[in-house]
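Please read it with the sequence and the model side by side.

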Amino acid sequence: MKIPYTTEIREDTGLYNGKVGMWLFLASEVMLFGALFSAYVLLRIGAREGEWPHGLLNIPIGAFNTLVLITSSMTVAMSWTALKMGNFSLYRKLQVVTLACAVLFLGVKAWEYSEKFHHYEIWLNEPLTAQEYPQLAGHSTDLNAPITSIIGHIDDAGSFATLASLQEQGKSTVEIHPDEFHYRLSAREQGQRRKAERAAGGAAATSHAQAGIPIDVSNIARLSAFVPKHSTFFAMYFTLTGLHALHVLGGVLAFAYILWPASKMWRQDPERYTNSIEVTGLFWHFVDLVWIFAFPVLYLL
Amino acid sequence: MASHELGFIRKYIFSVDHKVIGVQYLLTSLAFLFTGFMLMLVMRWQLANPGEPVPVVGGLLESLLGEPASEGKISADLYNSFGAMHGTIMIFMGIVPLVFGAFGNYLVPLQVGANDMAFPKLNMLSYDSYLVGGIIMLISFFIPGGAAQAGWTSYPPLATIIPTDGQTYWLVAMIFLITSSLLGAINVIVTVIQLRAPGLTWMRLPFFVWSQFVTAFLLLLAFPPMEAGAVLQLMDNVAGTSFYMPHGLVISGQPATELSGGGSPLLWQHLFWFLGHPEVYVLILPGLGIVTEVIANNTRKPIWGYRAMVYSVLSIGFLSMVVWAHHMYVTGMGMGISMFFQTTTTIISIPSVIIVTCLMLSLWGGSIRFNVPMLFAVSFLPMFGIGGLTGLPLALSMADLALHDSYYIIGHFHYVVAPGTIFAVFAGVYYWFPKVTGRLMNERLGQVHFWGSLLCMNLIFFPMLAQGFAGMGRRTYDGGQNYAAAHPANEGVIGAVSDTMMQLNDVIAWSALALAAFQLPFIFNFFYSVYAGRRVESDNPWQATTLEWQTPTPPPHGNFTQDIFVYRGPYAYSLNHPGSEASVGTVDELPDFEPQNQPLVAVTT
């Protein structure tokens, strides 16, 4: 029994079944990611004054990944054209590039994640000032303003440490090295600071290896690595990018399956083979598009 | 068509044939419906006799569920679980898979003249995913702490802070069920768009196909936001995030300092009801489709206002996406938003009324055959009518403030779903049974089933409307005893529920038991008729026009043994023209109908 219009085009719709199915699937995906972006908007609008973190993500790396993904979208489109022209070996080369880009994207993402896991934020019961600890200059424009939380690395904490796990190790104080790279300030405020420091003859402190600030455990209200529970911002970041990464992974598996185990279909039914690349390509462009929304929303705004 | 024998497992367990999958859906969802019904019986007993051990099954509950059911008594936590799971099982594992998975799968390809669904393997995956989700949901009863307890709506923060993993199971199971619906929806839409037989134009589609088509779009577009919501709640449960956890949350007297806060409980309600309201139409539209087919066939008349019904069902599909926040009037969203949603909600009642009115007018002047499917279909109209009309006060935000979360709302939506959708389902089961099995169900047992169910359904749900008006709240595990006028603490309290209202709990409990008893003839009839029912004499025992009756009985793999070309609309009944004699041959009586695929008759002279 053969189902009609699996490969050939139905005249009155001008489409084959798979393509209609994929567009419908993408419509539901739009609703899925649309809901997540809406949730982001609602949570961000509802956030208290000054609570939403800025500058905790690595913008150059994110931009690089955007470029990687766009390149892969381009090679997918080109590989489909190659199949349409009957040039299988060109298709194969282009798809290897696609897969390489996708794997590179996931690798970079994994590296970004692991970078986050050993950064920490400590919320203090008793605030400090940048006057007392010049290392905290990146946390506030005003030297005398109270600083209620510090971002940085904690000695010997590794990844995922919590206040409870540090207490279990018998620590009564933790030493945090404030991180200038992960600013509290907006890009504009950072610029103003640097200018002011230069004008004052000092060099902007950018080193990771700043002198540590000892914090008494009893002075810690809350301590969290940059993991989903850190804040609604990181919760959203990890959920959205994690779900996106799963989609990328799905695309990689589909493309790899079509490229290698299923490639004998090219000789038996070239039209159907080309269609499978077209349909999977549609999915891939959508995944790309999600990232093009996610990158500015999470990294830049 | 190449006929090659498949083994039992390939043919019935891992089948890709839409009809087998439809039957799998039917049997599984009826089993879940039964499970949900049993939970309800235990709950109604508890409400009528709070704190007393449940008779007959009390011991069984204790041995299965342990401490929460000690001595066969239902604890408050267990009651909450049963309430949450009754709703979840009935809606997501009972009705939706029944009306969409079973009826949609079996009938849509047949009615559009296709040999199968567009994607048979996805169809199988859809059923498998449904089954896995259902099993996970059932397993959650037996984990420590028991199943989810926060109602079928699972409002956080409550859903997250209840100390049981049941909620996590619920969310994971929901993701499987959503995946299943998604695959099914894509399949139905593509099948209707791409696989319609030649000549079957859009306005020649049976109304049932239209209703499934719109339902599929609702499932496709409304479920994903709730899936997103479920993923976020899963993160809250598993990863300790605060998507729905506000600042300053205090749990059992302890400030939740481990949480970052900053989340919004309202976010969940929006995401949930964005599915939740279209879901209501997912429950009812296929029911309307079934009823339309049965009514057209048994009045022997074309459906009155077919086009109006099609445009109405499309408007319902669109409007159902913009009414969701009428479930949230009491959250304090603000007057402006409430105004918007009460306006859209009032508007959506118009197309619903158009459909019901068309069906009522279709009865006018018909020579009606009152067989069992028709009894269920006809009684659907006033029952759904009550359900719809009792919804109007709830659409208005002012009236809703008083009625919200009372038994009135329980009565309202059960009128829509129980004597509404479930009656439509019964009509459909009796009507298409001969096509699936080649045998008819017993009429007399069917009559007993129908009259008993009609009476008991009303005795169960009508008192609830009264209780709700009297102010009895839903989700109280003691049946409102603490709020009753007779309760010592409530002496002289205005609005405390009177004894009459409390006694209605007994009426409801006994009626529920009687309703269970009246399902026995159906269950017996169903299985008995599969093996020993009266055989049908033709492939078209009801003299119907639509394409599913133009196949062998039961339809083989691949469905049709002839090429299908469609010449006319779906309801060519009440015909009595002389020309039809030539095509039918020498029968004494002229047939009063023409199947959709019967070639146009040339008048013989």
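Two residues are taken to be in contact if their C-beta atoms, placed from the backbone, lie within 7 Å. On that basis, 75% of the contacts in chain A between residues at least 6 apart in sequence join residues at least 24 apart. The structure is a predicted model, and the values below are computed from it.

**Chain A: overall form**

- Chain A contains eight helices and five strands, and read along the sequence these follow the pattern α-α-α-β-β-α-β-α-β-β-α-α-α.
- The radius of gyration of chain A is 25 Å, well over the 19 Å that the globule rule gives for 301 residues, so chain A is more spread out than a compact globule.
- Along its principal axes, the C-alpha trace of chain A spans about 80 × 40 × 35 Å, and 34% of its 301 residues count as buried.
- Chain A is divided into domain 1, made of 37-116 + 232-300, and domain 2, made of 120-225; the centres of these two domains, taken over C-alpha atoms, are separated by 35 Å.

**Chain A: the sheet**

- Five strands of chain A form an open sheet in the order S4-S3-S2-S1-S5, with antiparallel pairing.
- Strand S4 (213-216) and strand S5 (220-225) of chain A stand at the edges, and because each has a single partner strand, one side of each is left without a neighbour in the sheet.
- On average, and with direction ignored, neighbouring strands of this sheet are turned by 45° against each other.
- Strand S1 (residues 120-128) of chain A is joined by five bridges to strand S2 (residues 147-154) of chain A, the two running antiparallel, and Tyr120(A) stands opposite Gly152(A) in S2(A).
- S1(A) is also joined to S5(A) by five bridges, again in an antiparallel arrangement, and here Ile122(A) has Leu223(A) in S5(A) as its bridge partner.
- Strand S3 (residues 173-178) of chain A runs antiparallel to S4(A) and is joined to S4(A) by four bridges, with Val174(A) standing opposite Ile215(A) in S4(A).
- As background, strands of a sheet pair through backbone hydrogen bonds, either parallel or antiparallel.

**Chain B: overall form**

- Chain B has 18 helices and four strands.
- With a radius of gyration of 25 Å, close to the 25 Å that the globule rule gives for 605 residues, chain B is as compact as a globular protein of that length.
- The C-alpha trace of chain B spans about 90 × 55 × 50 Å along its principal axes, and buried residues make up 54% of the 605 residues in chain B.
- Among contacts in chain B between residues at least 6 apart in sequence, 79% join residues at least 24 apart.

**The contact between the chains**

- The contact takes 32 residues from chain A and 36 residues from chain B.
- On the side of chain A that touches chain B, helix H1 (17-46) and helix H6 (232-259) of chain A each supply at least two residues, and H1(A) provides the largest share, 15 residues.
- By class, that side of chain A has 19 nonpolar, nine polar and four charged residues.

**Individual residues of chain B**

- Phe92(B) is placed in helix H4 (residues 76-111) of chain B; this residue is buried, because 24 other C-beta atoms lie within 10 Å.
- Phe92(B) and Ile284(B) are 192 residues apart along the chain, and their C-alpha atoms are separated by 13 Å.
- Most residues other than glycine have a negative phi, and most peptide bonds are trans, which gives a background for the next points.
- A cis peptide bond with omega of about 5° joins Pro156(B) and Pro157(B), and Pro157(B) is placed in the loop between helix H5 (120-139) and helix H6 (158-161) of chain B.
- A cis peptide bond also joins Thr553(B) and Pro554(B), with omega of about -15°; Pro554(B) is in the loop between strand S4 (534-535) and helix H18 (580-584) of chain B.
- Glu71(B) has a positive phi, near 60°, and lies in the loop between helix H3 (58-65) and H4 of chain B, where it counts as exposed because it has 10 C-beta neighbours inside 10 Å.
- Ser574(B) likewise has a positive phi near 60° and is in the loop between S4 and H18 of chain B; with 14 other C-beta atoms within 10 Å, Ser574(B) is partly exposed.

Terms used
Residues numbered from 1 in each chain as written. Chains lettered and ligands numbered in written order. Predicted model: local features only at pLDDT ≥ 70, side-chain atom pairs only at ≥ 80, totals over all residues. Buried ≥ 20, exposed ≤ 12 C-beta atoms within 10 Å, placed from the backbone. Nonpolar A, V, L, I, M, F, W, Y, C, P; charged D, E, K, R; others polar. Rg over C-alpha atoms; globule rule 2.2 N^0.38 Å. Pairing = 2+ DSSP bridges. Axes fitted to C-alpha atoms, helices over the stretch in contact; angles between N-to-C directions. Domains from an automatic or database assignment.
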